[in-house]
Amino acid sequence: MAKIFMREEYLNKIRGFYDSDIIKVVTGIRRCGKSCFLLSVMEDLKANGVSEKNIININLDKRGFKKIKTADKLEEVIDSYITDGEKKYVFIDEIQNVKNFEEVINGYREDGHSVFITGSNSYLLSGELVTKLTGRYIEIEMYTLTFYEYLEMKKFLCKEVSQNIVEEFTTYIRDGGFPKSLEFDSVDDRNLYVQSVITQIFEKDISRNKRIRNRAAFEKIQTFIINNFGSTISVSNIVEYLAKENIAVKENTVHKYIEMLESAKIIYKCPRFDTKSKKALKTEQKYYLADLSIYYSMNVDGRINYGPVLENILFCYLKSKGYKLSVGKIGNLECDFIVRQNVDDYFYIQVAMTIAEQSTEEREYRPFTKIRDNFPKYLFTTDTLLQKRDGILHMNMIDFIKENKTL
């Protein structure tokens, strides 16, 4: 077997459940590395003394397993590997290929075996799975490579890493963090690969969904959301935009199509939160992309709008660390992110490319002056000269992520 890039961030999240009878469900946008992650878990188990004969690996998209379409057939194949009374570690990739698989995998869980599954997000996160396996599974959500992982994987693949870290960061912004794309040296090849990933997501995770009755409207909504990542968006705005394009849709249809994009993990909602009332605001939302290469592969204009781009990178980075994020409404002002770690741990974050201009500095610090509690406040920029002001932590975002830091 070829050497595998071990994503320690996720291994650390799942190690405590290796021997648990709770089913481990790995989700994430297509091609973010879920299948390789399962292989890395198998390697980790073997490194910790688990015999290879006790590891069952079934990839339902690969030759030899593609014909497994029913629960009975899946059970028959798994049973063929269980020839003794020892505990088995059962890995099943693309589990949605098997109809009514839930009872089968739950049976092996009840027998004391450890089960790991991946598959289509739109199915795994559906109400059916939740209903049938409530309280019997945990979700490990994977993201595309963070900038830290991106640099580490380039080294792993023996690819040249620029000594100019800002130049490398700019390349990361445009190329994104789909692991497979790092294997291609040409920018055009990397863009073509990402385009193929988006096509696969649409064809396999979305278009088969019978709830899409107006494909033209769905594609327009998808493009609108992707092109306006990091901006405040309301459903009524989208309905008006579609009307100008001579496409008539109802608001509930727009809601439904946005939820499909979320289920496919193409976008992530960052809800708006009123710091005064402590309530979520539902009329307007912000959405960030699972990977910035989605935007750049779909648009001819390759210019970088650093405001939303830097927000998107920090949003995904902190999400990969397990933080919960929302946008903070503070009176008439807005704080880019309110970050929660535990129930009572808050962090306030502003993001800007630079505060070299006095007017920009004042604008970015202004929301902090309206916050009355004493939770930590961070200003993330790409400035190399950092300042101290009012106890607010001014951080270089590139260095923060490159060094794999936490708040």
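Ile 201 touches Ile 29, Arg 30, Ile 206, Ala 264 and Ile 266, leaving aside residues up to four places away in sequence; here, contact means heavy atoms within 4.5 Å. This is a predicted model, in which local features need pLDDT of at least 70, side-chain atom pairs count only at pLDDT 80 or more, and totals for chains, interfaces and linings use all residues. Residues are numbered from 1 along each chain as its sequence is written, and side-chain values use heavy atoms, with hydrogens and water left out.

Let us stay with Ile 201, which lies in helix α9. Helices are DSSP runs of H or I with at least four residues, strands are runs of E with at least two, and both are numbered from the N terminus. Is Ile 201 buried or exposed? Ile 201 counts as buried because its relative accessibility is 0%. Buried means under 20% relative accessible area, exposed means over 50%, and partly exposed lies in between, with a 1.4 Å probe and protein chains only. The C-alpha atoms of Ile 201 and Leu 261 are separated by 9.7 Å, although these residues are 60 places apart along the chain.

Helix α9 covers residues 187–206 and also holds Lys 204. Lys 204 is partly exposed, because its relative accessibility is 35%.

I turn now to Lys 34, in helix α2 (residues 34–47). Lys 34 is buried but has no salt bridge, a term for a side-chain nitrogen of Lys or Arg within 4 Å of a carboxyl oxygen of Asp or Glu. Which side chain of opposite charge is nearest to Lys 34? That side chain is Glu 94, 6.2 Å away. Lys and Arg count as positive and Asp and Glu as negative, while His and the chain ends are not counted. Among the residues that Lys 34 touches, beyond those up to four places away in sequence, are Val 26, Thr 118 and Met 142.

The next topic is helix α7, residues 147–156. Its buried residues are Phe 147, Glu 149, Tyr 150, Leu 151, Met 153 and Lys 154. The cover over these buried residues includes α1 (8–14), α8 (165–175) and α16 (397–402). Just after α7, Cys 158 takes a positive phi of about 60°.

Finally, consider Asp 111, in the loop between α4 (102–110) and β4 (114–118). Asp 111 counts as exposed because its relative accessible area is 58%.
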